[in-house]
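Here are my notes for your first look at this one. Open the structure alongside them and follow the points in order.

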Amino acid sequence: MGTEYAWFLPSARAGDGHKINTRVPERKPTIEYLSQVASAAERAGFVNLLVPTGTHCLDAWLVAAGVAQHTERIKFCVAFRPGLTSPVFAAQTASTLDALTGGRLTLNVVTGSSYVEQMRYGDHLEHDERYDRTEEFLEIVTRIWSADAPITYKGKYFDIREAAFFPIHVSKPWPPIYFGGSSEPGRRVGAKFSDVHMMYAVDVETIAKDALDMKRRAAEVGREEQINFGVRMHILCRETKKEAKKAAQALIEGSDISNVRVWADLKTTSESTGQTRVNELAKGDSLWITDTLWMGVNTVRAGPGACLVGTPDMIAKALKEYVDVGVDTFILSGWPHIEEVEIFGREIMPLLEDTEPLTLEPPMPALAEYD
């Protein structure tokens, strides 16, 4: 199996532009603009697009459905929160998008974020309970996707009777599940259900330890060969090292995390172990962890805070270091998202040929179950 390079759709309230987090977006997250980002990523050789979730974002399902109509092959990694809807309804929604796009769906399961954000949605479960609920949720979803007859399930959080629906998904055995969780409950659930176990990028040594730990856990449930590993990070590439560092500083100047209250909450009140690790890494004596790994993004927004900054050679070398310790999926982003993905496709992607980048296949016909 080769390496998956995925990009990101900037569908949050902050939109896109030359600054990370402005009060008024330089480029609004319209379907027209997000489709331009998606098309640029497709041309650059990316095979997937993360569509984020949260009260600070446009709804991920609607964004993916809209943008899919303006692209040809690229897939959509739709982020969603289990527990905010029925697992059967979520499976039907996913199957519908997968069937209508000819198998261009992957799923990013986001168990939760900060308790403040969760309560905005009316979700009052504690951190560990949310993972217990996610475990039941994914058990139902994967069972219904693999069953030949209606399923019934009764657990602590869900009571499902004779569940079946139209349409049938076309991705086999089902749309791949991208799952993040660095806490003990998150690792337990990830070992059972992750097709791609996602981590916020931190130093390579920590990622290597996480991959080994998750490989061991997956082996305990008979999934050692099924689980893959991914990191989420940002990219800033320029012709010279000096230009790149100057651009990195300019990216966050004038930015303020309070411009988006949700990001401020996610960073300061987050119960996420992954977010905590990113925050701690950015508290050191310097925001430069290595000559290439920069944590400046973490100072102005929540979520992934690590950014690879440098020349094409520097960034390609850094990405290969993650590949060498077991990472085979990268979900990347950079500001502005069109310009940065074009630089990546033109300058960096050719340097990654030895990582065997995955390529896009033609989609299946829509609603292929009729064929």
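1. Start inside: the largest nonpolar core has 83 residues, and Leu9, Phe46, Phe76, Met233 and Phe344 have the most contacts within it. A nonpolar core here is a set of buried Ala, Val, Leu, Ile, Met, Phe, Trp, Tyr and Cys residues joined through side-chain atoms within 4.5 Å; buried means under 20% relative accessible area (1.4 Å probe, protein chains only). There's also a second, separate core of 13 residues, with Leu236, Ala244, Ile252 and Trp294 among them.

2. A word on the source: this is a predicted model, where local features need pLDDT of at least 70 and side-chain atom pairs pLDDT 80 or more, while totals for chains, interfaces and linings use all residues. Numbering runs from 1 along each chain as its sequence is written, and side-chain values use heavy atoms, leaving out hydrogens and water.

3. Now pick out Met233. Leaving aside residues up to four places away in sequence, Met233 touches Ala201, Leu293, Ala306, Leu308, Leu319, Tyr322, Phe330, Ile331, Leu332 and Ser333 (contact: heavy atoms within 4.5 Å).

4. Which residues of helix 12 (337-348) are buried? They are His337, Ile338, Glu340, Val341, Ile343, Phe344 and Ile348. Their cover includes strand 1 (4-8), helix 1 (31-44), strand 9 (228-237), helix 11 (312-324) and strand 12 (329-333). Helices (H or I, at least four residues) and strands (E, at least two) are DSSP runs, numbered from the N terminus.

5. Zooming out, the protein chain has twelve helices and twelve strands. Buried residues make up 58% of its 371 residues.

Note on methods. Buried < 20%, exposed > 50% of the residue type's maximum accessible area, 1.4 Å probe, protein only.
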